Amino acid sequence: MELKTNNNKRFWFTISVYLIIGLYLLFIIYSKPFINIEVKEENGVWKITNPYYKDWALKQQIEIGDNILSVNGNNIDKITNLKYDLVIRSANEITIMKPNGELKEIKIKPFDITQQFYSVLLVPTSYYLLSLLISIYLYLKPKNTILINLLILFILSVSLAYLSIGASGILNPFGIIVNRGSMLLCLVLLLKFLKEYFGFLNIRWPFIKNINSLYILPIAVIILSIFGIVYDGIHSIVSSIILGLFFLLLVAILSIMIFSYVKYSIPELKILLSSIIIPFIPFLFLYALPEIFFHNQILSADISSIFLLLIPFSFIFTQLTERIFDMEYFISRLRYYFNFSFGFTIWLLIGLYLFADLSVSHMTEIFFFAFLSLMALFYIKERIDYRKRKILFSTKGDYIHRLYTTVESIGRVVKIEDLLEKFVQEVVVQLEMESVYVLTYDFQTHQVTLTNKSKEYTQHQIDEVLVERLGLGDIKKTDHFYIAFIHQDVNYKRILVVDHNKTIYLKDEELLWLELLLLYLNNFIENTKMVEELLNQLKHMKEADNRQLPWLNKLLWLRFEEEKYQLAQELHDTILQEQLHIAREMDVLMHTKEKEEIPSKLTKLHEHMIISLNDLRGYCENLKPPLLDTLGLNAALEKLIQKIHKRANFVLIYTIDRLYLEDERLNLMIYRLFQELLNNALKHSYANTVEIHLLGTEEGFQILYSDDGVGCNIDDILLADSMGIQGMQERVQAFNGKFALDSKVGEGMTIRIQVSETQHTNPYTYKTLTRPTYMIRG
């Protein structure tokens, strides 16, 4: 308790110092407007060479070449910084003389300059208050570690460094000291944070062990700043030295991060490296390096420093969540938005540069406004797409693949208990969460029971009203759990419970994955229940007979035997006869005395073997069509028809519509029907013309077959129990289709098959063509 009290005192003392320094800096900034007018001396007269805020200068009729006589009522010669810095930084009042001798007094208020109001007053003040609130929030979190404490100090020091830019820009001594000291202090704190974080990740720290010794750098910078203020002649030298130290520390930090990431290649270091490098690039290359080497800036410190504000807030994610990949998810989204927004904004600025005469400051303001607006637009669009159409940005683009693999895994289970257990295991693995379990809610007793007894559970934490209201596809978040609907029957409702413990929050990508998986799981449970009911019925029937369900065994055995018999008969009549013929010819060649005829006869035998192999390949293709799975139904049917053309002595007229069927099993059925119809035409029809048409309908398809062959008596087909006709009939019945046959002896045959995808579960129905149709017994 005493330790906690000491920590509280330290924290609130730090916050008090932060408030006092920040409020005083705000007072300085608000009391002295920052005007930043560049001047030069010509013959003892100070002339304006470049006003920074050009719109304001134009409104006040301040022009290049005007003479400045006094600033805040004091003669301009008394402004000491003009000896080494030819810029009038701040003023409440200036007196200028126009080239025609006209005197003009200009009074300046803090809110007169719009750009200054945003970049020097509003944004730093907002960031100052936001940093204060976040620091208090982090401290009040239960997870109070040394990393959190260092992160709080880092956020506060960055905030003071950014807030003091305005006071430092007007050369206020206090603002200069705070700005330079906090600049170096935040880097030392960053090094300290990284060292502790490396220890948290069990990674060897590659830099100096005693980081505390580097705290002397901010102290040294403060002392140098005081010297620069007292001896204003060395002000620019001191500024270059401090920027140089800042640059060296930054290079050391980046080197540590790059070296460690190359060596260990873990996601946490990648995130931290990106969080440091990206925000520092504008400040480093557009302000620090140009100022060190050329004493000029591409962007001013207040604008280039805006990017640095991302650093402490990106580090917050590493501490507020137990899963580091959450931060990687958000960074990936920002990178996705950034690529589109940045490219278009640059294109927009190129157009404005070519067609409009705008200042650098205006171009910069337009860039930030357009860039941030586009980022916000992409984010809003993503949210709308997710809510309205379930389309979601994915960090890796693989959550559909994850769903596929999970469904494939749990789909192999045949018992409901095993199905739920496998489902929980998959959720634990994919979401990387430990407290995941299934509860069963009894509608009669209103009791909730735990499926997995190994988990800890307190019933009072589950809201029964919420459980009763859960519907299919619902995932609700409570203070302690995510609750999701799994399945419901007459007596029970099963729900999934994921304990987030107020520290882990599921991303939209994960919620969508879980929602889709729950829909699949509900169907799996329904199907599993149907299978279990069927098995129970078969079991009762078996127990009633006290035997092995002879009707079922007989049915399955006969079907297998019929298929095997038909295949054996076809192989015996074709391939086997060819092989016997080749064997006899080979036997003759082995005993022949006419050696000169052997090569020619071997050539003929080789041709017979090739033909036999092609026939065997054809049988294999009939058993499993090779093109059906790769190129689709149309390609498979075209190849089948080409083979029939080569063997047929009749004219074949055909039409094949391109179908778009949701049930892929229908494609195989259509192929088998075509195969059987055309084979029957080859073997039995003796027709001159055969027509076969595959036509798409609104709800499915139909197959129309006709020939002008010998036809048959339908009663004879019934008595013969034709395997071909029976097989087609059974295939169509399996999908509740309609099969109609019409034939007479000498008048050919007509067959019509119609299948509708929406009627798969309807009772069997059949229609006639032009006369009463004989239905073949399946």
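Okay, let's start with Asn72: at 38% relative accessibility, this residue counts as partly exposed, a class that lies between buried, under 20% relative accessible area, and exposed, over 50%, with a 1.4 Å probe and protein chains only. Asn72 isn't a glycine, yet its phi is positive, about 55 degrees. You'll find Asn72 in the loop between strand S3 (67-71) and strand S4 (74-75); strands here are DSSP runs of E, at least two residues, and helices are runs of H or I, at least four, numbered from the N terminus.

Quick housekeeping. This is a predicted model, so to speak of local features we need pLDDT of at least 70, and side-chain atom pairs count only at pLDDT 80 or more, while totals for chains, interfaces and linings use all residues. Residues are numbered from 1 along each chain as its sequence is written, and side-chain values use heavy atoms, leaving out hydrogens and water.

Now Asn43, in the loop between strand S1 (34-42) and strand S2 (45-51). Phi is positive there too, near 55 degrees. Buried or exposed, then, for Asn43? Exposed, at 83% relative accessibility.

On to the inside. The largest nonpolar core has 92 residues, with Ile35, Trp56, Ile68, Ile94, Leu194 and Met257 making the most contacts inside it. By core I mean buried Ala, Val, Leu, Ile, Met, Phe, Trp, Tyr and Cys residues joined through side-chain atoms within 4.5 Å. Helix H4 (residues 146-169) gives the largest share of this core, 15 residues. There's also a second, separate core of 40 residues, including Leu661 and Met669.

Last, Ile35: beyond four places in sequence, its contacts (heavy atoms within 4.5 Å) include Tyr52, Trp56, Arg89 and Ile113.
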